[in-house]
Amino acid sequence: MLAVGSILSLLAGALAWALTSCGRRSAELRSQQALLANFVAEASDAIVTESLDGIVLSWNAAAARLFGYCAEDAVGRRLIDLIVISDSVYEDSDRLQRCAGGQRVGPFDTIRRRQDGTRVEVSITANPVIGPTGRVVAVAKTIRDISARKAAESEIFLEQAGAISAVGGFRIDLQSGRQVWTRQTFKIYEVEGDVAPSAEEFDRLMAPDVGARLWQAIRDASETGTGYDIEIPAQTARGRPIWIRTI
């Protein structure tokens with residue numbers, strides 16, 4: 001993080017020159033800018049700069065990979081229109097104003113939107129870009145994908161909660177259909193091993209209309225943000241009939 005912070009300070013200086021200076025371009029400055037450009041281009045984290053009114057000024061390759069927009073599509077547009085979900089518009093505007101006042105913000109965990117509409121959990125650090133006159137002229141943001149970390153934390157939480165309560169728990173990746181089950185869930189469905197069944201295998205534990213009802217509830221929850229609490233008949237992998245309350 002120290003190295004990234006130092007590079008971001010360098011980024012701030014270079015951007016400030018680009019935005020406010022009309023002086024000559026010295027060889028030293030061109031060398032600094034080339035070094036900076038290489039770092040930004042090769043960075044594994046998304047690095048985005050925006051003006052104080054929220055317009056994207058730069059967009060590196062990692063940002064393109066993370067969000068799906070190429071630099072040509074992103075630069076010149078408002079950042080909130082590209083990646084900020086509706087629930088976070090005020091949050092993003094507030095942090096932009098704090099950076100405009102000279103504060104460094106973050107790192108903070110939040111959710112952003114990709115070009116295809118899917119959401120991704122990220123950690124963001126925002127740094128004010130200070131110009132030669134001492135005034136803030138832009139904001140540089142480092143955005144890191146933390147989906148894997150959050151997924152691991154979720155799995156640990158489900159396992160611990162299940163061990164304490166003897167209630168099964170599961171997590172479903174809506175993009176791939178992959179499920180993660182706690183040990184208690186394996187016991188409830190009498191499934192051997194430690195690999196959760198695929199969506200198709202799971203469906204075979206329920207009647208077709210029951211499975212359709214459950215998957216519809218899951219889709220509705222993911223799309224609207226509202227939960228569900230339903231009771232459904234099912235059977236274990238050994239064929240024993242059971243009733244499940246799923247929340």
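**Close-up views of the predicted model**

**View 1. Surroundings of Val48 and the largest nonpolar core.** Val48 touches Val56, Ser58, Trp59, Ala63, Leu79, Val139, Ala140, Lys141 and Ile143, when residues up to four places away in sequence are not counted; contact denotes heavy atoms within 4.5 Å. The model is predicted: local features require pLDDT of at least 70 and side-chain atom pairs pLDDT 80 or more, whereas totals for chains, interfaces and linings use all residues. Residues are numbered from 1 along each chain as its sequence is written, and side-chain values use heavy atoms, with hydrogens and water left out.

The largest nonpolar core has 23 residues. A nonpolar core is a set of buried Ala, Val, Leu, Ile, Met, Phe, Trp, Tyr and Cys residues joined through side-chain atoms within 4.5 Å; buried means under 20% relative accessible area, exposed over 50%, and partly exposed in between, with a 1.4 Å probe and protein chains only. Val48, Trp59, Leu66, Phe67, Leu82, Ile83 and Ile143 have the most contacts inside this core. At least two of its residues come from each of strands S1 (46–50), S2 (56–59), S3 (105–113), S4 (119–130) and S5 (136–145), and from each of helices H3 (61–67), H5 (79–82) and H6 (89–100). Helices (H or I, at least four residues) and strands (E, at least two) are DSSP runs, numbered from the N terminus. S4 gives the most to this core, with 4 residues. A second, separate core comprises 21 residues, including Phe186, Met206, Val210 and Ile218.

View 2. Of the 10 residues of S5, 7 are buried.

**View 3. Helix H6 and its buried face.** H6 has 12 residues and reaches 16 Å from its first C-alpha to its last, close to the 16 Å expected at 1.5 Å a residue; the expected span of a helix is 1.5 Å times one less than its number of residues. Asp92, Leu96 and Cys99 are the buried residues of H6. They fall within an arc of 60 degrees seen down the axis, so they line one face of the helix; the arc is that of the directions from the helix axis to the C-beta atoms. These buried residues pack against S1, H5, S3, S4 and S5. Tyr90 and Gln97, on the other side of H6, are exposed. Just after the helix, Gly102 takes a positive phi of about 100 degrees.

**View 4. Helix H10 and its packing partners.** The end C-alpha atoms of H10 (residues 208–224) are 24 Å apart, which agrees with the 24 Å that its 17 residues should span. Val210, Gly211, Leu214, Trp215, Ala217 and Ile218 are buried. They cover an arc of only 150 degrees around the axis, which puts them on the same side of H10. Their packing partners are strands S6 (170–172), S8 (230–235) and S9 (241–246) and helix H9 (199–203). On the other side of H10, Pro208, Asp209, Glu223 and Thr224 are exposed. Gly225, just after the helix, takes a positive phi of about 80 degrees.

**View 5. The aromatic cluster of Trp181, Phe186, Tyr189 and Phe202.** The structure holds 6 aromatic pairs. Rings of Phe, Tyr and Trp (its six-membered ring) pair if their centres lie within 6.5 Å; planes under 30 degrees apart count as stacked, over 60 as edge-to-face and the rest as tilted. Trp181 and Phe186 form an edge-to-face pair, 5.3 Å centre to centre with 65 degrees between the planes. Trp181 is buried at a relative accessible area of 7%, and Phe186 is buried at 9%.

**View 6. Leu205 in the loop between H9 and H10.** Leu205 is buried, with a relative accessible area of 10%. Leaving aside neighbours within four places in sequence, Leu205 is in contact with Tyr189, Ala234, Gln235, Thr236 and Ala237. The C-alpha atoms of Leu205 and Gln235 are separated by 5.2 Å, although these residues lie 30 residues apart along the chain.
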